[in-house]
Amino acid sequence: MLFGKNVNKYYVKYFLFFLFGLLALLAVNWFQLEIPRICGEILDGIGDIAKEDPDSLFYHPEGIKKLMLELAMIAGIMFIGRFMWRFCIFGVAARIEADVRSDMFSHSLRLSNAYYKHHKTGALMALFTNDLQVIRQAFGSGTVMAIDAIFLGSFALYRMFSTNWILSCFSIIPMVLIAVISVIVGRILKEKFRIRQEAYETLSDFTQENFSGLAVVKAFVKEIHEIRHFDKINEDNRQKNIDFVKYATLLNVLLTAVISSIFALLFAGGAYFVINGFMGKSFTVGQMWEFIGYFDAVVWPFMAVAQLINMRAQANASLKRVDEFLAEAVDIIDKDVEEINEIKGEIEFRDLNFQYPDGSNAVLSNINLRIPKGSMVGIIGKTGCGKTTIVDLLLRTYNIEEGQLFLDGKDIMHIPFRKVRENIGYVPQDNFLFSDTIANNISFAYAAPDEDSVISAAKFADVHNNIEEFQDKYNTILGERGVTLSGGQKQRVSIARAVIKDPAILIFDDSVSAVDTKTEETILSNLRKIREGKTTLMIAHRISTVESLDIIVVMEDGKLIGVGSHEELLNSCPMYQEMVHLQSLERAIQGGEE
(Lines give C-alpha, C1' and ligand atoms only; values in the text may rest on other atoms or scores of the structure.)
Protein backbone atom coordinates (compact mmCIF):
# COMPACT_ATOMS: atom_id res chain seq x y z
CA MET A 1 0.00 0.00 0.00
CA LEU A 2 1.17 3.50 -0.79
CA PHE A 3 0.04 6.90 0.45
CA GLY A 4 0.66 10.38 -0.92
CA LYS A 5 -1.24 13.51 -1.93
CA ASN A 6 -1.47 12.42 -5.57
CA VAL A 7 -2.61 8.83 -4.91
CA ASN A 8 -4.76 8.93 -1.77
CA LYS A 9 -7.82 9.84 -3.83
CA TYR A 10 -7.72 6.44 -5.55
CA TYR A 11 -8.52 4.62 -2.30
CA VAL A 12 -11.84 6.47 -2.36
CA LYS A 13 -12.38 6.13 -6.10
CA TYR A 14 -11.78 2.37 -6.07
CA PHE A 15 -13.10 1.69 -2.56
CA LEU A 16 -15.36 -1.19 -3.61
CA PHE A 17 -12.54 -2.94 -5.46
CA PHE A 18 -10.32 -2.66 -2.41
CA LEU A 19 -13.17 -3.80 -0.12
CA PHE A 20 -14.07 -6.93 -2.12
CA GLY A 21 -10.40 -7.72 -2.65
CA LEU A 22 -9.76 -7.39 1.08
CA LEU A 23 -12.70 -9.63 2.00
CA ALA A 24 -11.66 -12.28 -0.52
CA LEU A 25 -8.07 -12.21 0.71
CA LEU A 26 -9.17 -12.49 4.35
CA ALA A 27 -11.36 -15.47 3.48
CA VAL A 28 -8.42 -17.19 1.77
CA ASN A 29 -6.15 -16.41 4.73
CA TRP A 30 -8.60 -17.89 7.21
CA PHE A 31 -9.53 -21.04 5.32
CA GLN A 32 -6.00 -21.94 4.29
CA LEU A 33 -5.19 -22.32 7.99
CA GLU A 34 -7.79 -25.08 8.19
CA ILE A 35 -5.60 -27.27 5.98
CA PRO A 36 -2.89 -27.93 8.65
CA ARG A 37 -5.62 -28.80 11.17
CA ILE A 38 -7.23 -31.33 8.84
CA CYS A 39 -3.86 -32.79 7.84
CA GLY A 40 -3.00 -33.14 11.54
CA GLU A 41 -6.21 -35.04 12.16
CA ILE A 42 -5.41 -37.34 9.22
CA LEU A 43 -1.94 -38.08 10.58
CA ASP A 44 -3.31 -38.78 14.05
CA GLY A 45 -5.97 -41.01 12.49
CA ILE A 46 -3.31 -43.00 10.69
CA GLY A 47 -1.45 -43.36 13.99
CA ASP A 48 -4.59 -44.56 15.73
CA ILE A 49 -5.07 -47.22 13.08
CA ALA A 50 -1.55 -48.40 13.74
CA LYS A 51 -2.47 -48.62 17.44
CA GLU A 52 -5.72 -50.40 16.46
CA ASP A 53 -7.74 -47.80 18.35
CA PRO A 54 -11.46 -48.50 17.62
CA ASP A 55 -12.35 -44.90 18.51
CA SER A 56 -10.19 -43.63 15.66
CA LEU A 57 -11.93 -41.44 13.13
CA PHE A 58 -10.55 -43.60 10.35
CA TYR A 59 -12.53 -46.61 11.52
CA HIS A 60 -15.65 -44.74 10.38
CA PRO A 61 -16.05 -43.97 6.64
CA GLU A 62 -18.23 -40.96 7.49
CA GLY A 63 -15.31 -39.35 9.29
CA ILE A 64 -13.00 -39.75 6.30
CA LYS A 65 -15.67 -38.41 3.96
CA LYS A 66 -16.17 -35.44 6.26
CA LEU A 67 -12.46 -34.54 6.16
CA MET A 68 -12.25 -35.00 2.39
CA LEU A 69 -15.36 -32.87 1.90
CA GLU A 70 -13.89 -30.16 4.10
CA LEU A 71 -10.68 -30.15 2.05
CA ALA A 72 -12.66 -29.98 -1.18
CA MET A 73 -14.76 -27.06 0.12
CA ILE A 74 -11.66 -25.21 1.31
CA ALA A 75 -10.00 -25.76 -2.09
CA GLY A 76 -13.08 -24.35 -3.83
CA ILE A 77 -13.28 -21.33 -1.51
CA MET A 78 -9.56 -20.62 -1.96
CA PHE A 79 -9.83 -20.93 -5.75
CA ILE A 80 -12.70 -18.45 -5.93
CA GLY A 81 -11.16 -16.18 -3.29
CA ARG A 82 -7.78 -16.03 -4.98
CA PHE A 83 -9.37 -15.24 -8.31
CA MET A 84 -11.42 -12.44 -6.73
CA TRP A 85 -8.60 -10.77 -4.81
CA ARG A 86 -6.28 -10.96 -7.80
CA PHE A 87 -8.95 -9.47 -10.04
CA CYS A 88 -9.84 -6.72 -7.56
CA ILE A 89 -6.45 -5.78 -6.11
CA PHE A 90 -4.16 -6.34 -9.10
CA GLY A 91 -6.86 -4.97 -11.40
CA VAL A 92 -7.24 -1.77 -9.41
CA ALA A 93 -3.43 -1.40 -9.31
CA ALA A 94 -3.38 -1.39 -13.11
CA ARG A 95 -6.25 1.14 -13.14
CA ILE A 96 -4.41 3.43 -10.73
CA GLU A 97 -1.26 3.22 -12.86
CA ALA A 98 -3.29 4.24 -15.92
CA ASP A 99 -5.00 7.08 -14.01
CA VAL A 100 -1.73 8.49 -12.68
CA ARG A 101 -0.15 8.24 -16.14
CA SER A 102 -3.17 10.07 -17.58
CA ASP A 103 -2.85 12.80 -14.92
CA MET A 104 0.85 13.12 -15.67
CA PHE A 105 0.29 13.35 -19.41
CA SER A 106 -2.42 15.99 -18.97
CA HIS A 107 -0.12 17.94 -16.67
CA SER A 108 2.77 17.64 -19.12
CA LEU A 109 0.67 19.34 -21.82
CA ARG A 110 -0.04 22.27 -19.50
CA LEU A 111 3.60 22.91 -18.62
CA SER A 112 5.32 25.74 -20.43
CA ASN A 113 8.22 25.57 -22.85
CA ALA A 114 10.54 26.72 -20.07
CA TYR A 115 10.10 23.40 -18.23
CA TYR A 116 11.13 21.29 -21.22
CA LYS A 117 14.25 23.37 -21.75
CA HIS A 118 15.61 22.04 -18.46
CA HIS A 119 14.27 18.46 -18.42
CA LYS A 120 15.37 15.81 -20.88
CA THR A 121 13.07 13.41 -22.67
CA GLY A 122 14.81 10.31 -21.28
CA ALA A 123 14.20 11.39 -17.68
CA LEU A 124 10.54 12.06 -18.41
CA MET A 125 10.12 8.68 -20.12
CA ALA A 126 11.58 6.97 -17.04
CA LEU A 127 8.88 8.68 -14.97
CA PHE A 128 6.12 7.45 -17.28
CA THR A 129 7.44 3.86 -17.40
CA ASN A 130 9.70 2.53 -14.62
CA ASP A 131 8.43 4.74 -11.82
CA LEU A 132 4.77 4.07 -12.57
CA GLN A 133 5.41 0.33 -12.75
CA VAL A 134 6.91 0.44 -9.26
CA ILE A 135 3.89 2.41 -8.00
CA ARG A 136 1.55 -0.16 -9.57
CA GLN A 137 3.38 -2.96 -7.78
CA ALA A 138 3.02 -1.11 -4.49
CA PHE A 139 -0.75 -0.89 -4.94
CA GLY A 140 -0.99 -4.49 -6.14
CA SER A 141 1.56 -6.78 -4.53
CA GLY A 142 2.21 -4.24 -1.77
CA THR A 143 -1.43 -4.26 -0.69
CA VAL A 144 -1.49 -8.06 -0.63
CA MET A 145 1.73 -8.14 1.40
CA ALA A 146 0.40 -5.63 3.92
CA ILE A 147 -2.89 -7.51 4.44
CA ASP A 148 -1.14 -10.87 4.69
CA ALA A 149 1.40 -9.48 7.13
CA ILE A 150 -1.36 -8.18 9.41
CA PHE A 151 -4.17 -10.71 9.13
CA LEU A 152 -2.60 -13.98 7.98
CA GLY A 153 0.24 -13.42 10.42
CA SER A 154 -2.19 -12.75 13.28
CA PHE A 155 -4.40 -15.75 12.46
CA ALA A 156 -1.41 -18.09 12.17
CA LEU A 157 0.26 -16.80 15.35
CA TYR A 158 -2.96 -17.26 17.32
CA ARG A 159 -3.23 -20.88 16.22
CA MET A 160 0.47 -21.50 16.83
CA PHE A 161 0.28 -20.28 20.44
CA SER A 162 -2.93 -22.26 20.95
CA THR A 163 -1.14 -25.42 19.81
CA ASN A 164 2.24 -25.01 21.58
CA TRP A 165 3.26 -21.69 23.11
CA ILE A 166 6.84 -22.80 23.89
CA LEU A 167 7.64 -23.69 20.25
CA SER A 168 5.89 -20.47 19.22
CA CYS A 169 8.18 -18.34 21.36
CA PHE A 170 11.28 -20.07 20.00
CA SER A 171 10.11 -19.46 16.45
CA ILE A 172 9.00 -15.84 16.87
CA ILE A 173 12.24 -14.47 18.36
CA PRO A 174 14.28 -15.14 15.17
CA MET A 175 11.44 -13.77 13.05
CA VAL A 176 11.67 -10.45 14.91
CA LEU A 177 15.35 -10.45 14.02
CA ILE A 178 14.34 -10.81 10.38
CA ALA A 179 12.15 -7.72 10.62
CA VAL A 180 15.01 -5.68 12.12
CA ILE A 181 17.44 -6.80 9.40
CA SER A 182 14.83 -5.97 6.76
CA VAL A 183 14.40 -2.42 8.04
CA ILE A 184 18.15 -1.79 8.00
CA VAL A 185 18.70 -3.29 4.55
CA GLY A 186 15.52 -1.59 3.28
CA ARG A 187 16.93 1.87 3.98
CA ILE A 188 20.04 1.02 1.99
CA LEU A 189 17.88 -0.39 -0.82
CA LYS A 190 15.91 2.86 -1.05
CA GLU A 191 19.07 4.84 -1.78
CA LYS A 192 20.38 2.19 -4.18
CA PHE A 193 17.08 2.24 -6.06
CA ARG A 194 17.24 6.02 -6.44
CA ILE A 195 20.75 5.77 -7.88
CA ARG A 196 19.64 2.97 -10.20
CA GLN A 197 16.76 5.08 -11.53
CA GLU A 198 19.09 8.00 -12.24
CA ALA A 199 21.38 5.69 -14.21
CA TYR A 200 18.38 4.42 -16.18
CA GLU A 201 17.35 8.01 -16.96
CA THR A 202 20.82 8.77 -18.35
CA LEU A 203 20.75 5.63 -20.49
CA SER A 204 17.24 6.38 -21.79
CA ASP A 205 18.08 9.96 -22.63
CA PHE A 206 21.29 9.04 -24.47
CA THR A 207 19.53 6.31 -26.46
CA GLN A 208 16.61 8.57 -27.38
CA GLU A 209 18.92 11.35 -28.58
CA ASN A 210 20.94 8.94 -30.73
CA PHE A 211 17.83 7.45 -32.33
CA SER A 212 16.54 10.96 -33.11
CA GLY A 213 19.91 12.13 -34.42
CA LEU A 214 20.94 8.94 -36.22
CA ALA A 215 21.36 10.72 -39.54
CA VAL A 216 23.78 13.22 -37.97
CA VAL A 217 25.79 10.45 -36.30
CA LYS A 218 26.19 8.65 -39.63
CA ALA A 219 26.94 11.83 -41.56
CA PHE A 220 29.87 12.64 -39.26
CA VAL A 221 31.02 8.98 -39.12
CA LYS A 222 30.69 8.94 -35.31
CA GLU A 223 29.20 5.46 -34.98
CA ILE A 224 32.21 4.00 -33.15
CA HIS A 225 32.41 6.99 -30.82
CA GLU A 226 28.71 6.76 -29.96
CA ILE A 227 28.90 2.98 -29.47
CA ARG A 228 31.77 3.44 -27.01
CA HIS A 229 29.91 6.19 -25.23
CA PHE A 230 26.81 3.99 -25.05
CA ASP A 231 28.88 1.08 -23.70
CA LYS A 232 30.19 3.34 -20.94
CA ILE A 233 26.72 4.53 -19.95
CA ASN A 234 25.28 1.03 -20.28
CA GLU A 235 28.04 -0.37 -18.06
CA ASP A 236 27.33 2.28 -15.45
CA ASN A 237 23.64 1.35 -15.57
CA ARG A 238 24.57 -2.34 -15.24
CA GLN A 239 26.78 -1.67 -12.23
CA LYS A 240 24.07 0.36 -10.50
CA ASN A 241 21.57 -2.45 -11.09
CA ILE A 242 24.00 -5.08 -9.81
CA ASP A 243 24.70 -2.96 -6.74
CA PHE A 244 20.97 -2.79 -6.04
CA VAL A 245 20.47 -6.52 -6.68
CA LYS A 246 23.36 -7.39 -4.35
CA TYR A 247 21.58 -5.88 -1.36
CA ALA A 248 18.21 -7.32 -2.39
CA THR A 249 19.82 -10.76 -2.75
CA LEU A 250 21.60 -10.37 0.58
CA LEU A 251 18.26 -9.74 2.25
CA ASN A 252 16.70 -12.82 0.62
CA VAL A 253 19.66 -15.03 1.55
CA LEU A 254 19.53 -13.90 5.17
CA LEU A 255 15.80 -14.55 5.33
CA THR A 256 16.10 -18.00 3.76
CA ALA A 257 18.96 -19.00 6.10
CA VAL A 258 17.12 -17.86 9.24
CA ILE A 259 13.83 -19.50 8.24
CA SER A 260 15.50 -22.81 7.30
CA SER A 261 17.25 -22.83 10.70
CA ILE A 262 13.95 -22.22 12.47
CA PHE A 263 12.30 -25.12 10.62
CA ALA A 264 15.10 -27.42 11.75
CA LEU A 265 14.72 -26.30 15.36
CA LEU A 266 10.95 -26.74 15.23
CA PHE A 267 11.23 -30.31 13.96
CA ALA A 268 13.69 -31.09 16.74
CA GLY A 269 11.57 -29.40 19.40
CA GLY A 270 8.37 -30.97 18.06
CA ALA A 271 9.93 -34.45 18.15
CA TYR A 272 10.96 -33.86 21.77
CA PHE A 273 7.40 -32.96 22.78
CA VAL A 274 5.96 -35.93 20.86
CA ILE A 275 8.22 -38.25 22.87
CA ASN A 276 8.01 -36.55 26.28
CA GLY A 277 4.64 -34.78 26.09
CA PHE A 278 3.79 -31.12 26.50
CA MET A 279 2.68 -29.55 29.81
CA GLY A 280 1.74 -32.96 31.20
CA LYS A 281 -0.32 -33.83 28.15
CA SER A 282 0.43 -35.85 25.05
CA PHE A 283 1.67 -34.02 21.93
CA THR A 284 0.84 -36.06 18.85
CA VAL A 285 2.57 -36.24 15.49
CA GLY A 286 -0.57 -34.69 14.00
CA GLN A 287 -0.33 -31.73 16.37
CA MET A 288 3.35 -31.29 15.50
CA TRP A 289 2.48 -31.31 11.79
CA GLU A 290 -0.35 -28.85 12.44
CA PHE A 291 2.06 -26.53 14.25
CA ILE A 292 4.62 -26.77 11.43
CA GLY A 293 1.82 -25.94 8.98
CA TYR A 294 0.90 -22.82 10.96
CA PHE A 295 4.52 -21.75 11.11
CA ASP A 296 4.86 -22.30 7.37
CA ALA A 297 1.84 -20.04 6.95
CA VAL A 298 3.33 -17.36 9.23
CA VAL A 299 6.64 -17.36 7.30
CA TRP A 300 5.08 -15.59 4.32
CA PRO A 301 3.73 -12.68 6.42
CA PHE A 302 7.20 -12.15 7.90
CA MET A 303 8.74 -12.46 4.44
CA ALA A 304 6.06 -10.10 3.18
CA VAL A 305 7.13 -7.54 5.77
CA ALA A 306 10.69 -7.70 4.45
CA GLN A 307 9.61 -7.48 0.82
CA LEU A 308 7.11 -4.75 1.66
CA ILE A 309 9.86 -2.65 3.22
CA ASN A 310 11.93 -3.12 0.07
CA MET A 311 8.99 -2.37 -2.23
CA ARG A 312 7.84 0.67 -0.25
CA ALA A 313 11.37 2.06 -0.35
CA GLN A 314 11.32 1.87 -4.13
CA ALA A 315 7.71 3.03 -4.43
CA ASN A 316 8.24 6.03 -2.15
CA ALA A 317 11.27 7.06 -4.20
CA SER A 318 9.23 6.75 -7.41
CA LEU A 319 6.20 8.51 -5.94
CA LYS A 320 8.42 11.36 -4.77
CA ARG A 321 9.63 11.84 -8.32
CA VAL A 322 6.07 11.70 -9.68
CA ASP A 323 4.92 14.17 -7.00
CA GLU A 324 7.70 16.56 -7.97
CA PHE A 325 6.63 16.36 -11.60
CA LEU A 326 2.94 16.94 -10.78
CA ALA A 327 3.92 19.76 -8.44
CA GLU A 328 5.62 21.67 -11.25
CA ALA A 329 3.84 25.00 -11.52
CA VAL A 330 1.72 25.64 -14.61
CA ASP A 331 2.91 29.06 -15.74
CA ILE A 332 0.43 29.77 -18.51
CA ILE A 333 -2.95 30.28 -16.86
CA ASP A 334 -5.95 32.52 -17.39
CA LYS A 335 -6.28 35.36 -14.91
CA ASP A 336 -8.83 38.19 -15.01
CA VAL A 337 -9.82 37.20 -18.54
CA GLU A 338 -12.61 38.64 -20.63
CA GLU A 339 -14.68 36.27 -22.73
CA ILE A 340 -14.69 37.29 -26.41
CA ASN A 341 -16.61 35.86 -29.35
CA GLU A 342 -13.89 36.00 -31.96
CA ILE A 343 -10.46 37.34 -32.79
CA LYS A 344 -10.34 39.34 -36.01
CA GLY A 345 -6.58 39.62 -36.43
CA GLU A 346 -5.38 43.10 -35.47
CA ILE A 347 -2.05 42.92 -33.57
CA GLU A 348 -0.34 45.73 -31.67
CA PHE A 349 2.89 45.80 -29.66
CA ARG A 350 3.26 48.70 -27.22
CA ASP A 351 6.73 49.24 -25.74
CA LEU A 352 7.14 45.47 -25.48
CA ASN A 353 10.14 44.23 -23.50
CA PHE A 354 10.79 40.57 -22.81
CA GLN A 355 13.42 38.23 -21.45
CA TYR A 356 13.13 34.49 -20.94
CA PRO A 357 12.42 33.32 -17.36
CA ASP A 358 15.87 31.72 -17.09
CA GLY A 359 17.64 34.50 -19.00
CA SER A 360 19.50 37.58 -17.81
CA ASN A 361 19.34 39.73 -20.93
CA ALA A 362 16.37 41.20 -22.77
CA VAL A 363 15.45 39.30 -25.95
CA LEU A 364 13.03 41.99 -27.17
CA SER A 365 13.37 45.69 -26.39
CA ASN A 366 10.93 48.56 -26.96
CA ILE A 367 8.91 46.85 -29.68
CA ASN A 368 6.26 49.20 -31.03
CA LEU A 369 4.34 47.85 -33.99
CA ARG A 370 0.75 47.86 -35.22
CA ILE A 371 -0.39 45.21 -37.71
CA PRO A 372 -3.83 45.95 -39.16
CA LYS A 373 -6.31 43.18 -39.70
CA GLY A 374 -5.86 41.46 -43.07
CA SER A 375 -2.21 42.51 -43.49
CA MET A 376 0.47 40.24 -44.89
CA VAL A 377 3.56 40.94 -42.81
CA GLY A 378 7.12 39.70 -43.25
CA ILE A 379 9.59 39.65 -40.35
CA ILE A 380 13.22 39.41 -41.34
CA GLY A 381 16.57 39.62 -39.59
CA LYS A 382 19.67 37.73 -38.59
CA THR A 383 19.52 34.51 -36.59
CA GLY A 384 18.88 35.19 -32.89
CA CYS A 385 17.41 38.65 -33.37
CA GLY A 386 14.10 37.73 -31.67
CA LYS A 387 11.84 36.80 -34.60
CA THR A 388 10.65 33.47 -33.15
CA THR A 389 10.25 35.05 -29.70
CA ILE A 390 7.57 37.33 -31.12
CA VAL A 391 5.71 34.22 -32.31
CA ASP A 392 6.05 32.60 -28.88
CA LEU A 393 4.48 35.63 -27.25
CA LEU A 394 1.62 35.70 -29.73
CA LEU A 395 0.92 32.04 -28.96
CA ARG A 396 0.99 32.75 -25.18
CA THR A 397 3.70 30.16 -24.55
CA TYR A 398 5.27 32.70 -22.17
CA ASN A 399 3.76 35.28 -19.86
CA ILE A 400 4.41 38.97 -20.39
CA GLU A 401 3.52 42.10 -18.46
CA GLU A 402 0.10 43.57 -19.06
CA GLY A 403 -0.34 46.44 -21.49
CA GLN A 404 2.34 45.35 -23.97
CA LEU A 405 0.63 43.09 -26.52
CA PHE A 406 -2.91 43.52 -27.84
CA LEU A 407 -5.21 41.54 -30.14
CA ASP A 408 -8.11 43.55 -31.56
CA GLY A 409 -7.39 46.21 -28.93
CA LYS A 410 -7.65 43.75 -26.01
CA ASP A 411 -4.68 42.89 -23.80
CA ILE A 412 -3.56 39.36 -24.69
CA MET A 413 -3.07 38.63 -20.99
CA HIS A 414 -6.83 39.17 -20.50
CA ILE A 415 -7.87 36.86 -23.34
CA PRO A 416 -8.27 33.10 -22.59
CA PHE A 417 -5.08 31.53 -23.93
CA ARG A 418 -7.04 28.71 -25.56
CA LYS A 419 -9.06 31.30 -27.47
CA VAL A 420 -5.83 32.90 -28.64
CA ARG A 421 -4.37 29.62 -29.86
CA GLU A 422 -7.60 28.47 -31.48
CA ASN A 423 -7.49 31.55 -33.69
CA ILE A 424 -3.85 31.19 -34.72
CA GLY A 425 -2.46 28.81 -37.32
CA TYR A 426 1.21 28.08 -36.75
CA VAL A 427 3.87 26.52 -38.97
CA PRO A 428 6.94 25.95 -36.75
CA GLN A 429 10.56 25.88 -37.82
CA ASP A 430 11.09 22.16 -37.13
CA ASN A 431 7.97 21.05 -39.09
CA PHE A 432 7.22 18.32 -36.55
CA LEU A 433 4.91 15.60 -37.91
CA PHE A 434 3.34 12.72 -36.00
CA SER A 435 3.72 9.03 -36.81
CA ASP A 436 0.24 8.89 -38.32
CA THR A 437 -1.37 9.15 -41.74
CA ILE A 438 -0.71 12.20 -43.87
CA ALA A 439 -4.44 13.00 -43.78
CA ASN A 440 -4.51 12.94 -39.97
CA ASN A 441 -1.41 15.11 -39.79
CA ILE A 442 -2.98 17.72 -42.04
CA SER A 443 -6.31 17.64 -40.18
CA PHE A 444 -4.63 17.57 -36.74
CA ALA A 445 -6.75 20.50 -35.54
CA TYR A 446 -9.97 18.52 -36.05
CA ALA A 447 -11.29 15.31 -34.49
CA ALA A 448 -12.81 14.01 -37.74
CA PRO A 449 -10.88 14.87 -40.92
CA ASP A 450 -12.84 16.19 -43.89
CA GLU A 451 -11.33 14.65 -47.02
CA ASP A 452 -12.14 17.57 -49.30
CA SER A 453 -10.66 20.10 -46.86
CA VAL A 454 -7.52 18.00 -46.47
CA ILE A 455 -7.00 17.78 -50.22
CA SER A 456 -7.71 21.48 -50.64
CA ALA A 457 -5.13 22.38 -47.98
CA ALA A 458 -2.57 20.03 -49.57
CA LYS A 459 -3.14 21.65 -52.97
CA PHE A 460 -2.68 25.07 -51.40
CA ALA A 461 0.67 23.96 -49.98
CA ASP A 462 1.64 22.48 -53.37
CA VAL A 463 2.15 19.01 -51.86
CA HIS A 464 -0.93 17.24 -53.28
CA ASN A 465 0.90 15.77 -56.28
CA ASN A 466 3.69 14.43 -54.05
CA ILE A 467 1.16 12.73 -51.78
CA GLU A 468 -0.63 11.17 -54.75
CA GLU A 469 2.62 9.48 -55.74
CA PHE A 470 2.65 7.40 -52.54
CA GLN A 471 1.04 3.98 -52.77
CA ASP A 472 -1.46 4.72 -49.99
CA LYS A 473 -1.74 8.41 -50.90
CA TYR A 474 -3.26 10.37 -47.98
CA ASN A 475 -3.45 7.18 -45.88
CA THR A 476 0.34 6.77 -45.97
CA ILE A 477 1.68 6.24 -42.45
CA LEU A 478 4.61 8.53 -41.77
CA GLY A 479 7.66 7.40 -39.84
CA GLU A 480 8.72 8.97 -36.54
CA ARG A 481 8.81 12.78 -36.81
CA GLY A 482 7.67 12.46 -40.45
CA VAL A 483 10.89 10.77 -41.57
CA THR A 484 9.09 9.23 -44.60
CA LEU A 485 8.94 12.66 -46.27
CA SER A 486 11.70 14.91 -47.55
CA GLY A 487 12.45 18.21 -45.81
CA GLY A 488 10.45 20.21 -48.33
CA GLN A 489 7.51 17.81 -48.21
CA LYS A 490 7.41 17.94 -44.41
CA GLN A 491 7.44 21.70 -44.58
CA ARG A 492 4.54 21.82 -47.02
CA VAL A 493 2.48 19.28 -45.03
CA SER A 494 3.04 21.50 -41.97
CA ILE A 495 1.78 24.48 -43.99
CA ALA A 496 -1.32 22.52 -45.03
CA ARG A 497 -1.94 21.59 -41.37
CA ALA A 498 -1.98 25.27 -40.38
CA VAL A 499 -3.94 26.52 -43.38
CA ILE A 500 -6.79 24.02 -42.97
CA LYS A 501 -7.78 25.80 -39.72
CA ASP A 502 -8.49 28.98 -41.73
CA PRO A 503 -7.42 31.01 -38.66
CA ALA A 504 -7.71 34.73 -38.09
CA ILE A 505 -3.91 34.88 -37.75
CA LEU A 506 -1.57 32.62 -39.69
CA ILE A 507 2.12 32.46 -38.73
CA PHE A 508 4.91 31.01 -40.85
CA ASP A 509 8.16 30.67 -38.89
CA ASP A 510 10.76 30.36 -41.64
CA SER A 511 8.43 27.79 -43.17
CA VAL A 512 9.34 27.94 -46.86
CA SER A 513 13.12 27.74 -46.47
CA ALA A 514 13.24 24.08 -47.58
CA VAL A 515 11.20 24.55 -50.77
CA ASP A 516 12.42 25.80 -54.14
CA THR A 517 11.69 29.28 -55.42
CA LYS A 518 8.92 28.13 -57.76
CA THR A 519 7.07 26.33 -54.96
CA GLU A 520 7.56 29.37 -52.71
CA GLU A 521 5.97 31.60 -55.35
CA THR A 522 3.03 29.17 -55.67
CA ILE A 523 2.44 29.18 -51.90
CA LEU A 524 2.66 32.99 -51.71
CA SER A 525 0.26 33.34 -54.63
CA ASN A 526 -2.19 30.98 -52.95
CA LEU A 527 -1.88 32.94 -49.72
CA ARG A 528 -2.96 36.11 -51.48
CA LYS A 529 -6.10 34.37 -52.71
CA ILE A 530 -7.34 32.62 -49.59
CA ARG A 531 -6.04 34.98 -46.88
CA GLU A 532 -7.76 38.11 -48.05
CA GLY A 533 -9.03 40.01 -45.02
CA LYS A 534 -7.04 37.81 -42.61
CA THR A 535 -3.69 38.48 -40.98
CA THR A 536 -0.61 36.56 -42.07
CA LEU A 537 2.88 36.77 -40.54
CA MET A 538 5.88 35.29 -42.33
CA ILE A 539 9.25 35.01 -40.60
CA ALA A 540 11.94 34.49 -43.21
CA HIS A 541 15.60 34.81 -44.12
CA ARG A 542 15.10 35.16 -47.88
CA ILE A 543 14.16 38.54 -49.28
CA SER A 544 12.17 36.80 -52.02
CA THR A 545 9.79 35.49 -49.36
CA VAL A 546 8.81 38.90 -47.99
CA GLU A 547 9.43 41.48 -50.73
CA SER A 548 5.86 41.30 -52.08
CA LEU A 549 4.15 41.52 -48.67
CA ASP A 550 2.23 44.53 -47.37
CA ILE A 551 4.56 45.25 -44.44
CA ILE A 552 8.14 44.15 -43.84
CA VAL A 553 9.62 44.31 -40.32
CA VAL A 554 13.41 44.32 -40.00
CA MET A 555 14.88 43.25 -36.64
CA GLU A 556 18.33 43.33 -35.11
CA ASP A 557 19.33 42.37 -31.55
CA GLY A 558 15.73 42.28 -30.36
CA LYS A 559 14.83 45.71 -31.73
CA LEU A 560 12.86 47.01 -34.69
CA ILE A 561 15.17 48.92 -37.02
CA GLY A 562 12.84 49.20 -39.98
CA VAL A 563 9.15 48.90 -40.85
CA GLY A 564 7.64 49.47 -44.27
CA SER A 565 7.19 48.10 -47.77
CA HIS A 566 10.02 46.66 -49.85
CA GLU A 567 10.54 49.95 -51.71
CA GLU A 568 10.39 52.04 -48.51
CA LEU A 569 12.98 49.92 -46.74
CA LEU A 570 15.31 50.02 -49.73
CA ASN A 571 15.38 53.78 -49.28
CA SER A 572 15.46 53.97 -45.47
CA CYS A 573 17.02 50.86 -43.90
CA PRO A 574 20.76 50.18 -44.48
CA MET A 575 20.56 46.67 -43.05
CA TYR A 576 17.73 45.74 -45.41
CA GLN A 577 19.66 47.24 -48.32
CA GLU A 578 22.66 45.10 -47.39
CA MET A 579 20.56 41.92 -47.15
CA VAL A 580 19.00 42.60 -50.56
CA HIS A 581 22.42 43.27 -52.08
CA LEU A 582 24.03 40.12 -50.62
CA GLN A 583 21.16 37.84 -51.62
CA SER A 584 21.13 39.34 -55.12
CA LEU A 585 24.84 38.50 -55.45
CA GLU A 586 24.15 35.00 -54.13
CA ARG A 587 21.43 34.41 -56.74
CA ALA A 588 23.68 35.78 -59.45
CA ILE A 589 26.52 33.46 -58.46
CA GLN A 590 24.17 30.47 -58.34
CA GLY A 591 22.75 31.43 -61.73
CA GLY A 592 26.24 31.68 -63.17
CA GLU A 593 27.18 28.26 -61.85
CA GLU A 594 24.10 26.74 -63.43
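**Entry 1: Asn 164**

I began with the side chain of Asn 164, which reaches the backbone nitrogen of Leu 167 at 3.0 Å. I counted this as a polar contact, meaning a pair of N or O atoms within 3.5 Å; within protein, one must be able to donate a hydrogen and the other to accept it, and residues adjacent in sequence count only if both atoms are side-chain atoms.

I noted that this is a predicted model, in which local features need pLDDT of at least 70 and side-chain atom pairs count only at pLDDT 80 or more, while totals for chains, interfaces and linings use all residues. Residues are numbered from 1 along each chain as its sequence is written, and side-chain values use heavy atoms, with hydrogens and water left out.

I located Asn 164 in the loop between helix 7 (141-163) and helix 8 (165-212). Helices here are DSSP runs of H or I with at least four residues, strands are runs of E with at least two, and both are numbered from the N terminus.

Is Asn 164 buried or exposed? Asn 164 counts as buried, at 0% relative accessibility. The classes are buried under 20% relative accessible area, exposed over 50%, and partly exposed in between (1.4 Å probe, protein chains only).

I then listed what Asn 164 touches: Phe 273, Phe 278, Phe 283 and Phe 291, leaving aside residues up to four places away in sequence. Contact means heavy atoms within 4.5 Å. Asn 164 and Phe 278 stand 114 residues apart in sequence, yet their C-alpha atoms are 8.0 Å apart in space.

**Entry 2: Ser 365**

I found Ser 365 in strand 2 (residues 364-371). Ser 365 is buried, with a relative accessible area of 15%. Beyond residues up to four places away in sequence, Ser 365 touches Leu 352, Asn 353, Gly 558 and Lys 559.

**Entry 3: Cysteines**

How many disulfides does a search of the whole structure find? I recorded 0 disulfides. A disulfide is a covalent bond between the sulfur atoms of two cysteines; the cut-off for the sulfur pair is 2.5 Å.

**Entry 4: Leu 16**

Finally, I looked up Leu 16, which lies in helix 2. Leu 16 is exposed, with a relative accessible area of 52%.
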